[in-house]
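Welcome! We will go through it topic by topic.

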Amino acid sequence: MITAIRGMKDILPPETRRWQAVEQTAREVFALYGYQEIRLPLLERTELFARSIGQETDIVAKEMYTFLDRRGESVTLRPEATAQVVRAVLENRLLHGAGVKKYYTLGPMFRYERPQKGRYRQFHQINCEALGSDAPELDAEVILLLLELLQRLGLGQVRLLLNSLGCPACQQEFRARLALYLRQQTGWCHDCQRRRDTNPLRVLDCKSQHCRELLAGAPVMLDFLCPACKQHYSRVKALLAAQTLEEAPRLVRGLDYYTRTTFEVVATSLGAQDAVAGGGRYNGLVKELGGPDLPGLGFAIGQERLMELLPNKETKSSPLVFLVALGTQPRERAFRLLQQLRQAGLASDMDFEERSLKAQMSLAHRRGAALVVIMGERELETDEVILRDMTTSRQQTIPTDCLLPRLAEQLAGCQSNSFGNTAIIGGVTG
Ligand code: HAM
């Protein structure tokens, strides 16, 4: 048997129904805030991610699915979407005109990490990007959008962590001071010994417990913010004053493009992989990727982690009508009827095997049918069908002509359940 690749999960029904409901809510909230959907390829030139995320990050250094295509070009399965949103808006000239450009995108990302609960090699993100303004109002709006979405989804116990990573100017002094501190301490892990010289900020993101302990006395970025960055950060906090947020001066993100506001939403119930969403500003990224000097910010929610946190509510689907037919001609009639019901907007199905009435009824039951329509040779002759209400077990024989309005009437009163109530239309006698 060929199995799925390690760290890559199948998402199966009825779970897919929950995913659809979450994505629908996300689409609604994005629309409220003026975001448009953008759909992007899964494969990009490797250079796009190397240049934007940063050579020294774990993602670029160890986790990308990179290979040469048949013409020898290095391509990479996207590990994140921000860089490619920027690539796409530049390439398609979507930045022209006034106003903030707002895009969202949903879909799979790929990182060759060690799989564990909440960490996969293919995972899904709900991604939000706003380009064109450095106003603190936009930072606050993006964070409020995230919180609103999580709240609508019924997410309870989460914490919002906030920090500012400053601009390149104020990062310069911080970097020098941090590098000094890192040199003064001994015992850093192998990676951090290298990062000390190449990109000291990345040491702050090290997952090793020992390095984390060594970092306890390290300088914090907030103490090095230039007046403009300090002012920006204060404004963002003031605009979010009504929200419960925690300042997290040691919060750095695993990608190099961040400037100023950075944030994460964490949930302790998730265990070690506790970040359900993360994001921030990337004011230098558009320019870095060959565009104008335009600021931007955004976030991504990890959908697998989100699903883990959501209350396991049953999602509703349309009640189902199931057709039961006995005999070749009744089956043909049921098949035509099936199409008519679907055209009329009624979710309906039938058994495609020539099985007994009992077997077909049992399938109808297993499918959660609300109504069953039964037809056999006798009903064919009289141009009637038997309509059975699966909740009350009441049955009545009705002319075929009256079936559609009767179904609509009965289904209107039906409570749909999580898998859909199936109304069964079929032929019994035969
Ligand atoms: P990130 O923090 O790398 O940010 O990922 C965002 C979220 O994706 C994480 O908080 C987590 O929930 C989820 N995630 C990341 N890696 C995995 C994994 N291996 N398995 C399962 N879930 C995972 C970004 O990707 C940025 N592009 C976010 C952003 C958008 N910043 C600005 N705009």
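A helix axis here is a line fitted to C-alpha atoms over the stretch in contact, and the angle between two axes runs from 0 to 180 degrees between their N-to-C directions. Keep in mind that this is a predicted model.

**A pair of helices**
- Two packed helices are described by the angle between their axes and the distance between the axes.
- Helix α1 covers residues 15-32 and helix α5 covers residues 136-152; their axes come within 10 Å and cross at roughly 145°.
- The crossing of α1 and α5 is right-handed.
- On the α1 side, the contact is made by Thr-25, Ala-26, Glu-28, Val-29, Phe-30 and Leu-32.
- On the α5 side, Leu-145, Glu-148, Leu-149 and Arg-152 take part.

**Domains**
- The domain assignment gives domain 1, made of 15-167 + 226-309, and domain 2, made of 320-425.
- Taken over C-alpha atoms, the centres of domain 1 and domain 2 are separated by 48 Å.

**Around the ligand**
- There are 26 residues around the ligand, and Glu-80, Glu-113, Arg-253, Tyr-258 and Ala-275 come nearest.
- Arg-253 also has a polar side-chain atom 2.8 Å from an oxygen atom of the ligand.
- Gln-125 places a polar side-chain atom 3.1 Å from an oxygen atom of the ligand.
- With Tyr-120 the backbone is involved: one of its polar backbone atoms is 2.9 Å from a nitrogen atom of the ligand.

**Backbone details to look up**
- Most residues other than glycine have a negative phi, and most peptide bonds are trans.
- Pro-13 and Pro-14 are joined by a cis peptide bond, with omega about 5°.
- Pro-14 sits in the segment before α1.
- Arg-260 is not a glycine, yet its phi is positive, near 50°.
- You can find Arg-260 in strand β9, which spans residues 259-266.

Key. Residues are numbered from 1 along each chain as its sequence is written. This is a predicted model: local features need pLDDT of at least 70, side-chain atom pairs count only at pLDDT 80 or more; totals for chains, interfaces and linings use all residues. Side-chain values use heavy atoms; hydrogens and water are left out. Helices (H or I, at least four residues) and strands (E, at least two) are DSSP runs, numbered from the N terminus. A crossing is left-handed if the near helix is turned anticlockwise from the far one by less than a right angle, and right-handed if clockwise. Contact means heavy atoms within 4.5 Å. Domain bounds come from an automatic or database domain assignment. A residue is near a molecule or strand if one of its heavy atoms lies within 4 Å of it. A polar contact is a pair of N or O atoms within 3.5 Å; within protein, one must be able to donate a hydrogen and the other to accept it, and residues adjacent in sequence count only if both atoms are side-chain atoms.
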